[in-house]
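Trainee: I have a structure to read and I am new to this. Can we go through it together, one question at a time?

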Amino acid sequence: MKTLRLLCAASLAALISVSSQASAQSTTLYVAGYGGSYEKTMRDEVIPAFEQANGVKVQYVAGNSTDTLAKLQAQKGNQQIDVAIVDDGPMYQAIQLGFCGKLDGLSNVDLYDTARFKDDRAVAIGIVVTGLMYNTKVFAEKGWAPPTSWNDLKDPKYRQQLVIPPINNTYGLEALLMLARMNGGSEANVDAGFKIFKNDINPNVLVYEPSPGKMTELFQSGQAVLAVWGTGRVQSFASTGFPVDFVYPKEGAATLLTTACPIAKPNASPLAGAFIKMLLDPKIQLVLLKEYGYGPVLKSLVIPEGLGKMAPIGERAAKLYNPDWTAINEKREDWTKRWNREVER
C-alpha cells in the first residue's frame with residue numbers, strides 16, 4: 001500500500017493539475033462526503049496529492065448522504081460546498097433540485113454505463129453492495145453457520161444482537177426493498193417489507209444505527225454480531241483485523257453507487273471537476289478498491305490478484321439488483337414517516 005501511495009503522490013501532480021489560473025480562483029475547496037473510514041481514506045490517500053498538485057486547501061465536511069443533501073438545501077442560493085459525494089439515491093434528488101453542475105471531459109473516460117448520469121451532472125466513483133456483515137469469531141464459537149439469506153434477519157437466535165441502519169440511510173432502505181421484492185413487492189409496493197420489519201425483525205434489532213463509527217463500536221464491544229451494511233464499510237472494518245465477513249444473500253443484493261458532483265453556483269471553481277476526475281484515475285480506483293472495497297467504475301482497469309475479496313466485481317457484479325431511484329425518491333419521504341411511525345418507534 002505504501003508503494004501504491006507513493007506512486008499516486010508522484011504521478012497525480014502531472015495527471016490532475018489544472019491551470020494556475022484556475023487554482024488561483026479559490027484557495028479552499030470544500031468537499032462534502034462520508035465520515036468514518038471513508039473520510040480517513042480520503043484524507044490519507046486522496047486529498048494530500050490534490051492539494052500539492054493544485055496549490056489549494058481541501059476542507060473535508062463529513063456526513064452521511066442525507067446530511068449532505070440537507071446542507072445543500074439549507075445553503076440554497078449561497079452554496080458553500082464545492083463537491084458533494086453521496087449515495088446514488090440522494091444524488092438523483094440533488095440533480096433534480098438543480099444543485100449539480102456539469103462535469104466536463106467525461107466523454108474521454110472509460111466508464112461503465114451504470115456510472116454515467118444524464119447530461120454528466122454527476123458520476124459514480126465506486127460500486128458498493130448492500131448485504132450482510134457477521135462476526136466470524138462469534139459465529140464459530142457458537143457453532144452457527146454463516147448467514148446466507150435476508151430471511152436470516154428474522155432468526156430469533158440473533159435477538160437484540162442485530163444492527164441495521166434506518167431507511168433514511170441507503171443500506172436500511174435497500175434491506176426494506178429486498179424483503180419487499182422477495183415477498184411479491186417492488187419499488188411501487190413495499191408493504192411486505194414493512195410488515196416483516198415490524199413483526200419479524202424488530203425483536204432482533206439492538207438499534208437502528210446510521211453512524212459507521214457506532215456500528216463498528218457495537219461489534220467491537222460484542223453487543224452486535226449481525227448487521228446490514230455495505231461492502232465498502234465491511235471491507236474497511238475487516239482491514240483493521242476485526243473478524244467480520246460480508247455475505248451476498250442468495251436472493252440477491254442491491255447496488256449502491258457512490259457518486260460525486262460539482263455544485264452549481266456562481267463562480268464555481270474548476271477544481272471541483274478536477275477533484276472528481278481525480279477519483280476516477282486508475283490508481284485512485286485501486287486505492288478505493290483496496291482500502292474501501294469499492295467495485296471500480298472503469299471498464300479497462302486491471303485488478304491485481306488478491307484485491308476485491310468482497311467487492312462487486314466480475315460475476316458478483318453481474319447478478320446485482322439496481323434499484324429504480326426515480327420511483328423510490330417519489331415515495332421516500334412517505335416511507336420514512338411510515339418507518340418512524342411503525343418500525344422505529
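**Reading the model**

Mentor: Start in a loop: D120 lies between helix 5 and strand 4. Helices (H or I, at least four residues) and strands (E, at least two) are DSSP runs, numbered from the N terminus. This is a predicted model, where local features need pLDDT of at least 70, side-chain atom pairs count only at pLDDT 80 or more, and totals for chains, interfaces and linings use all residues. Residues are numbered from 1 along each chain as its sequence is written, and side-chain values use heavy atoms, with hydrogens and water left out.

Trainee: Is D120 buried or exposed?

Mentor: Use the cut-offs: buried means under 20% relative accessible area, exposed over 50%, partly exposed in between (1.4 Å probe, protein chains only). The relative accessible area of D120 is 16%, so D120 is buried.

Trainee: What is the phi of D120?

Mentor: Most residues other than glycine have a negative phi. D119 lies in the loop between helix 5 and strand 4, and has a positive phi of about 60° although it is not a glycine. D120 is also not a glycine, and its phi is positive, near 55°.

Trainee: How many helices and strands does the protein chain have?

Mentor: Count the DSSP runs along the chain. The protein chain comes to 14 helices and 9 strands.

Trainee: What radius of gyration does the protein chain have?

Mentor: The radius is taken over C-alpha atoms, and the globule rule is 2.2 Å times the number of residues to the power 0.38. For 345 residues, a compact globule would have a value near 20 Å. The protein chain agrees with that, at 20 Å.

Trainee: What percentage of the residues in the protein chain is buried?

Mentor: Apply the burial cut-off to the 345 residues. Buried residues make up 54%.

Trainee: Which residues touch the most other members of the largest nonpolar core?

Mentor: A nonpolar core is a set of buried Ala, Val, Leu, Ile, Met, Phe, Trp, Tyr and Cys residues joined through side-chain atoms within 4.5 Å. The largest core has 98 residues. Its largest share, 9 residues, comes from strand 4 (residues 123-135). The residues that touch the most other members are I85, F197 and F275.

Trainee: Which residues is F197 in contact with, leaving aside its neighbours within four places in sequence?

Mentor: Contact means heavy atoms within 4.5 Å. With the sequence neighbours left aside, F197 is in contact with I164, A175, L176, L179, N202, Y208, W339 and V343.

Trainee: How many residues are in the second, separate core?

Mentor: This core includes A32, M91, C100 and C261. It has 14 residues.

Trainee: Which residue does a disulfide join to C100?

Mentor: A disulfide is a pair of cysteine sulfur atoms within 2.5 Å. A search of the whole structure finds 1. Its S to S distance is 2.3 Å, and the residue joined to C100 is C261.

Trainee: How many residues apart in sequence are the parts that C100 and C261 tie together?

Mentor: C100 lies in the loop between helix 5 (88-96) and strand 4. C261 lies in strand 9 (residues 254-262). So the pair ties together parts that are 161 residues apart in sequence.

Trainee: Is the disulfide left-handed or right-handed?

Mentor: Look at the torsion about the S-S bond of C100 and C261. It is about -70°, so the disulfide is left-handed.

Trainee: What is the relative accessible area of C261?

Mentor: C100 is buried, at 5%. C261 is buried too, and its relative accessible area is 0%.

Trainee: Which backbone nitrogen does the side chain of N169 reach?

Mentor: N169 lies in the loop between strand 5 (162-164) and helix 7 (170-182). It counts as buried, at 11% relative accessibility. A polar contact is a pair of N or O atoms within 3.5 Å; within protein, one must be able to donate a hydrogen and the other to accept it, and residues adjacent in sequence count only if both atoms are side-chain atoms. At 2.9 Å, the side chain of N169 reaches the backbone nitrogen of Y171.

Trainee: Which residues in helix 12 are buried?

Mentor: Helix 12 covers residues 282-292. Its buried residues include I284, Q285, L286, V287, L288, L289 and Y292.
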